[in-house]
Amino acid sequence: MTSLKAKLGILAAGLMLSGCMQTTSYQAAPEATLKPNDKVQLAKARYAKVPVAEPFRRAIVDYHRRELAGTIVVDSDNHYLYLVQDGGKAIRYGITVGEEALAFSGIAKVGNMAEWPKWTPTADIHKRIEGLPASVPGGVDNPLGARALYLYQGGRDTLFRIHGTNQPEYIGASISSGCIRMTNEDVIDLYSKVKQGTIVVVLDPKQGDSPYNSKMALQGGGSSITQ
């Protein structure tokens with residue numbers, strides 16, 4: 001019995017050293033990233049503040065892909081957004097992503113950033129959803145939420161965004177019109193840690209589990225959300 005326990009102990013140690021075990025440390029977005037206006041807006045939110053399921057809560061995790069620290073990596077298949085850190089770590093956030101026909105993948109840059117942005121539905125979304133206004137002013141009831149990162153490719157707006165949401169119950173699902181949604185608290189935290197020009201890698205479908213995939217061809221398609 002003692003010999004068996006020793007062998008199991010050696011096996012477990014070997015797995016840990018080989019990187020097969022991932023360390024996950026769940027940490028809520030720090031309140032220090034909230035500005036006075038953020039606190040005012042969030043306090044008057046009328047949407048249900050549904051707790052995000054534990055697998056999709058903000059966490060510090062081991063990270064073994066090749067992107068440089070500061071890069072944003074979106075794994076749409078598994079509904080995660082990673083902000084790569086030094087030392088083989090990343091901040092991982094749960095996200096809502098677009099349905100298959102409206103999904104975006106490729107390499108982009110953060111071309112613009114906005115706090116509590118206005119929402120201007122595109123012609124495409126007006127066709128699919130009748131009765132929408134021409135635009136909605138920024139605020140907690142706005143579908144873009146607290147922050148928006150505008151994704152550009154080749155110096156042009158792709159019309160895809162990383163933005164907040166007033167529907168936190170859908171974090172971990174594929175229901176949006178192509179954009180990448182985060183809880184307002186999480187997108188405020190992400191926004192505070194990146195800058196214009198940040199590289200954003202949105203993995204091709206079915207590539208989220210491939211740790212060294214480098215094929216990131218920008219695909220066609222357009223978002224239904226713009227500013």
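**Entry 1: Thr71**

I began with Thr71, which I found in the loop between strand S2 (59-62) and strand S3 (72-75). I note at the outset that the model is predicted. Is Thr71 buried or exposed? Thr71 counts as buried because its relative accessible area is 9%, and the cut-off for buried is under 20%. I then looked up its contacts, leaving out residues up to four places away in sequence: Thr71 touches Tyr82, Leu83, Val84, Ile199 and Val201. A polar atom of the Thr71 side chain also lies 2.8 Å from the backbone oxygen of Leu68.

**Entry 2: The chain as a whole**

I next recorded the overall figures. The chain has 4 helices and 14 strands. Of its 227 residues, 45% are buried. I also looked at contacts between residues at least 6 apart in sequence, and 70% of these join residues at least 24 apart.

**Entry 3: The nonpolar cores**

In soluble globular proteins, nonpolar side chains tend to be buried together. Which residues of the largest nonpolar core touch the most other members? Among its 32 residues, these are Ile72, Leu81, Leu149, Ile162 and Leu190. I listed the elements that each supply at least two residues of this core: S3, strand S4 (80-84), strand S5 (89-94), strand S7 (106-115), strand S9 (147-153), strand S10 (156-163), helix H4 (184-193) and strand S13 (199-202). H4 gives the most, with 4 residues.

Leu149 touches Ile72, Val110, Asn112, Met113, Phe160, Arg161, Ile162, Leu190, Tyr191 and Val194. I also noted a second, separate core of 13 residues, which includes Val73, Tyr82, Val84 and Ile171.

I returned to H4 and asked how many of its residues are buried. The helix is mostly covered, with 7 of its 10 residues buried. These are Asn184, Asp186, Val187, Ile188, Asp189, Leu190 and Tyr191.

Ser192 also has its place in helix H4. I class Ser192 as partly exposed because its relative accessible area is 44%, between the limits of 20% and 50%. A polar atom of its side chain lies 2.7 Å from the backbone oxygen of Asp189. I found the C-alpha atoms of Ser192 and Thr33 separated by 6.6 Å, although these residues are 159 residues apart along the chain.

**Entry 4: Two positive phi angles**

For His79, phi is near 65°. His79 sits in the loop between S3 and S4, and I call His79 buried because its relative accessible area is 11%. For Leu159, phi is about 70°. Leu159 belongs to strand S10 and is partly exposed, with a relative accessible area of 31%.

**Entry 5: The cavity**

I ended with empty space inside the model. Rolling a probe the size of a water molecule over the atoms shows where empty space is left. How many cavities of 30 Å³ or more are there? The count comes to 1. The largest cavity has a volume of about 50 Å³. Its lining consists of Ser76, Val97, Gly98, Ala103, Phe104, Gly178, Cys179, Ile180 and Val202.

Terms used. Residues are numbered from 1 along each chain as its sequence is written. This is a predicted model: local features need pLDDT of at least 70, side-chain atom pairs count only at pLDDT 80 or more; totals for chains, interfaces and linings use all residues. Side-chain values use heavy atoms; hydrogens and water are left out. On a 1 Å grid over the protein atoms alone, a cavity is a set of points where a 1.4 Å probe fits but cannot get out, and a pocket is an open set with protein on both sides within 12 Å along at least five of seven lines; lining residues have an atom within 4 Å of a point. Grid points are joined across faces, edges and corners, and a volume is the space filled by probe spheres set on the points. Buried means under 20% relative accessible area, exposed over 50%, partly exposed in between (1.4 Å probe, protein chains only). A polar contact is a pair of N or O atoms within 3.5 Å; within protein, one must be able to donate a hydrogen and the other to accept it, and residues adjacent in sequence count only if both atoms are side-chain atoms. Contact means heavy atoms within 4.5 Å. A nonpolar core is a set of buried Ala, Val, Leu, Ile, Met, Phe, Trp, Tyr and Cys residues joined through side-chain atoms within 4.5 Å.
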